[in-house]
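Dear colleague,

Please find the structure below, handed over for your own work. My notes on it follow directly after.

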Amino acid sequence: MNRYVIIVAGGKGLRMGSDLPKQFLPIGNKPVLMRTLEVFRKFDANLQIILVLPLAQQEFWKQLCEKYCFTVEHVVADGGETRFHSVKNGLAQVKGPGLVGVHDGVRPFVAVEVIRNCYILAKQYKAVIPVIDVVETLRHLTDAGSETVSRNDYKLVQTPQVFDVELLKQAYAQEYTPFFTDDASVVEAMGVSVYLAPGNRENIKITTPFDLKIGSVLL
Ligand SMILES: Nc1ccn([C@@H]2O[C@H](COP(=O)(O)OP(=O)(O)OP(=O)(O)O)[C@@H](O)[C@H]2O)c(=O)n1
Ligand SMILES: C[C@](O)(CO)[C@H](O)COP(=O)(O)O
């Protein structure tokens with residue numbers, strides 16, 4: 001069975017506030033994005049990797065790959081206006097049937113075991129996402145103020161989110177809505193249920209300078 005992953009790195013990284021896009025920032029002397037691609041190559045030597053990058057950053061990425069002697073094989077697709085549009089561009093490069101994962105380029109600390117388990121489960125369930133428990137108390141904002149809700153009723157969602165290729169292509173043929181903050185929400189909009197698999201707590205999304213600090217101790 002063909003296995004693909006679309007690694008999305010087409011965002012603006014506004015919350016990081018850095019001149020250099022966050023996917024290129026170094027953690028332990030290596031750009032975040034290279035670490036992410038390396039984990040997926042470690043998972044599967046035959047995995048077809050599609051990297052989504054803004055057109056304007058593609059030449060810079062090529063230069064970085066030369067500078068770091070980076071040899072993980074991949075193809076590049078153009079970034080889009082939102083994450084949804086970036087994933088859609090990446091999906092256009094998926095040419096055959098099989099399983100396709102979608103992973104945030106800025107999640108370099110995903111465990112190989114989490115990736116493997118998601119792909120294994122996706123053979124059976126067709127739509128699988130990694131999640132972790134909420135470890136703090138949660139409050140819901142209401143008109144009157146706020147109230148505590150049961151944290152056992154919620155999970156935090158990570159990537160890679162892994163799907164049957166045909167199912168994900170059908171889902172991404174839908175009209176975009178701002179409610180689509182991940183791939184599961186796009187698939188669910190067609191009435192399909194997603195299966196929850198265990199994620200790993202280290203699998204943080206590098207979003208702010210604080211996350212870079214955490215990242216440097218996770219190495
Ligand atoms: N148009 C977009 C927007 C986001 N992403 C990717 O989706 C992932 C999760 O998004 P996030 O971390 O929020 O990245 P940004 O949108 O870049 O960050 P910000 O919201 O701070 O600008 C990132 O790997 C990001 O590059 C993408 O490929 N294309
Ligand atoms: C896909 C995701 O990482 C799952 O937690 C998240 O939804 C991406 O969020 P953002 O809107 O791109 O910040």
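In helix α3, the buried residues are R83, F84, S86, V87, K88, G90 and L91. A residue is called buried here if 20 or more other C-beta atoms lie within 10 Å of its own, exposed if 12 or fewer, and partly exposed in between, with C-beta atoms placed from the backbone. Helix α3 covers residues 83-91, and because 7 of its 9 residues are buried, it is largely enclosed by the rest of the structure. Those buried residues pack against β1 (3-8), β4 (48-53), β5 (75-78), β6, α5 (165-171) and α6 (183-188). Contact means that the C-beta atoms of two residues, placed from the backbone, lie within 7 Å.

Please note that this is a predicted model, in which local features need pLDDT of at least 70, side-chain atom pairs count only at pLDDT 80 or more, and totals for chains, interfaces and linings use all residues. Residues are numbered from 1 along each chain as its sequence is written, while chains are lettered from A and ligands numbered from 1 in the order in which they are written.

Strand β6 comprises residues 99-104 and includes L99. L99 counts as buried because it has 23 C-beta neighbours inside 10 Å. Beyond its neighbours within four places in sequence, L99 is in contact with M1, R3, Y119, A122, K123, V162, D164 and V165.

Two ligand surroundings were examined, taking a residue as near a molecule if its C-beta atom, placed from the backbone, lies within 6 Å of it. Ligand 1 is surrounded by 20 residues, of which the closest are V8, G10, G11, R15 and S86. By class, the shell around ligand 1 holds 5 nonpolar, 9 polar and 6 charged residues. Around ligand 2 are R83, D104, V157, Q158, T159, T181, D182 and K205, a shell of 1 nonpolar, 3 polar and 4 charged residues. Ala, Val, Leu, Ile, Met, Phe, Trp, Tyr, Cys and Pro count as nonpolar, Asp, Glu, Lys and Arg as charged, and the others, Gly among them, as polar.

For the protein overall, buried residues make up 37% of the 219 residues. Along its principal axes the C-alpha trace spans about 55 × 40 × 30 Å. Of the contacts with a separation of 6 or more, 72% are between residues 24 or more positions apart.

Yours sincerely

Key: Helices (H or I, at least four residues) and strands (E, at least two) are DSSP runs, numbered from the N terminus.
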